Amino acid sequence: MRQLDDNIWIFDGEAVSFYTMPFTTRMTIVRLACGGLWVHSPIRLTPELREQVDALGPVTYLVAPNHLHHLFMAPWQEAYPEAQTFGTQEVKDKCDTLRFDGVLDNDRHYPWDNTLKTMLFTGSPAMEEAIFYHPQSSTLLVTDLIENFDPDSLNTFQRFVAKGAGVVAPEGQTPLDWRLSFIFHHDTARAHLATMLGWAPKRLVMAHGLIIEQDAVAFLQRAFAWLEK
């Protein structure tokens, strides 16, 4: 557990193999004004982790930000049955064994609106992802939209693959396959990027890779340069 700022923490979990790459898992927790905890992309729940989380407050919301980040959701729902679960329509359609209390989209308000801003990044037939901004700490939260792998955590082959996909720090960006899927919808992606830049985040937290601790706007502008091509 690492506290980033007042009322916001990250928890780094085990790596999960995905297409030969070791995808580290990272969960972010925000304490809301009501005292409840908003849990983004839950990692594997262990007794030790549960003890740490319970010390922060009651778990109120569980969030699956895209259809790839649901692997550990079921144990959290079992451990915290009173927590409400939110996910994109894609993850809801994919995981019919999970209970969802709400869908993440761009057409509604959320019970955490006074603490977090929510935006669904759309325009790709491959995947949609919910993006969140925590104004109190100037922290932007993404999941797979940007990946920024530490090169020292990869072997030679993995580093070669990751560089080809454009996701090696310090020049991480949207993975190549996802970038290509926006080919007919750059205007939509640009509009979403403009919203993120308008929030003027200082810190960028990703599920996979090194966190950007400062100058997040400049990092975003470089990471999304592909939208101008």
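**Aromatic pairs, helix faces and nonpolar cores**

Arg-50 lies over the face of Tyr-80, 5.0 Å from the ring centre. A charge is taken to sit over a ring if NZ of Lys or CZ of Arg is within 6 Å of the ring centre and within 35 degrees of the ring normal. Arg-222 is placed likewise over the face of Phe-219, at 4.8 Å from the ring centre. The model is predicted: local features need pLDDT of at least 70, side-chain atom pairs count only at pLDDT 80 or more, and totals for chains, interfaces and linings use all residues. Residues are numbered from 1 along each chain as its sequence is written, and side-chain values use heavy atoms, with hydrogens and water left out.

Aromatic pairs were examined next. Rings of Phe, Tyr and Trp (its six-membered ring) pair if their centres lie within 6.5 Å; planes under 30 degrees apart count as stacked, over 60 as edge-to-face and the rest as tilted. The count by this rule is 15 aromatic pairs. One of them joins Phe-86 and Tyr-110 edge-to-face, at 6.1 Å centre to centre and 75 degrees between the planes. This pair links distant parts of the chain. Phe-86 belongs to strand β6 (residues 84-87), whereas Tyr-110 sits in the loop between β7 (102-103) and β8 (117-121), 24 residues apart. Helices (H or I, at least four residues) and strands (E, at least two) are DSSP runs, numbered from the N terminus. Phe-86 and Tyr-110 are both buried. Buried means under 20% relative accessible area, exposed over 50% and partly exposed in between (1.4 Å probe, protein chains only).

The ring centres of Phe-121 and Phe-182 are 5.8 Å apart and their planes meet at 90 degrees, so this pair is edge-to-face. Phe-121 lies in strand β8 and Phe-182 in the loop between α5 (176-180) and α6 (186-199), so the pair ties together parts that are 61 residues apart in sequence. Both Phe-121 and Phe-182 are buried. Ring pairs also link Trp-38, Tyr-61, Phe-86, Tyr-110, Trp-112 and Phe-132 into a cluster.

Helix α6 has 14 residues, which should span 20 Å at 1.5 Å a residue; its end C-alpha atoms are 20 Å apart, in agreement. The expected span is 1.5 Å times one less than the number of residues. His-186, Ala-189, His-192, Leu-193, Met-196 and Trp-199 are buried in α6. Seen down the axis, the buried residues of α6 fall within an arc of 130 degrees, so they line one face of the helix. The arc is that of the directions from the helix axis to the C-beta atoms. The face of α6 turned away from the buried side carries exposed Asp-187 and Gly-198. The buried residues of α6 pack against β8, β9 (129-134) and β10 (139-141), where contact means heavy atoms within 4.5 Å.

Ala-200 follows α6. This residue is in the loop between α6 and β11 (203-205). Phi of Ala-200 is near 55 degrees, a positive value in a residue other than glycine. At 42% relative accessibility, Ala-200 counts as partly exposed.

Helix α1 (47-56) has Leu-49, Val-53 and Leu-56 buried. These residues cover an arc of only 50 degrees around the axis, which puts them on the same side of α1. On the other side of α1, Pro-47, Glu-48, Glu-51 and Ala-55 are exposed. Ser-41 is found in the loop between β4 (37-40) and α1. Phi of Ser-41 is positive, near 55 degrees. Ser-41 counts as buried, at 5% relative accessibility.

The largest nonpolar core has 25 residues. A nonpolar core is a set of buried Ala, Val, Leu, Ile, Met, Phe, Trp, Tyr and Cys residues joined through side-chain atoms within 4.5 Å. Ile-146, Met-196, Leu-204 and Phe-224 have the most contacts inside the largest core. Elements giving two or more residues to this core are β8, β9, α6 and α7 (216-223). Beyond its neighbours within four places in sequence, Ile-146 is in contact with residues including Gly-172, Leu-204, Phe-219 and Phe-224. A second, separate core of 22 residues includes Phe-11, Trp-76, Tyr-80 and Val-91.

A cis peptide bond joins Ala-169 and Pro-170, with omega about 5 degrees. Pro-170 is in the loop between α4 (156-165) and α5.
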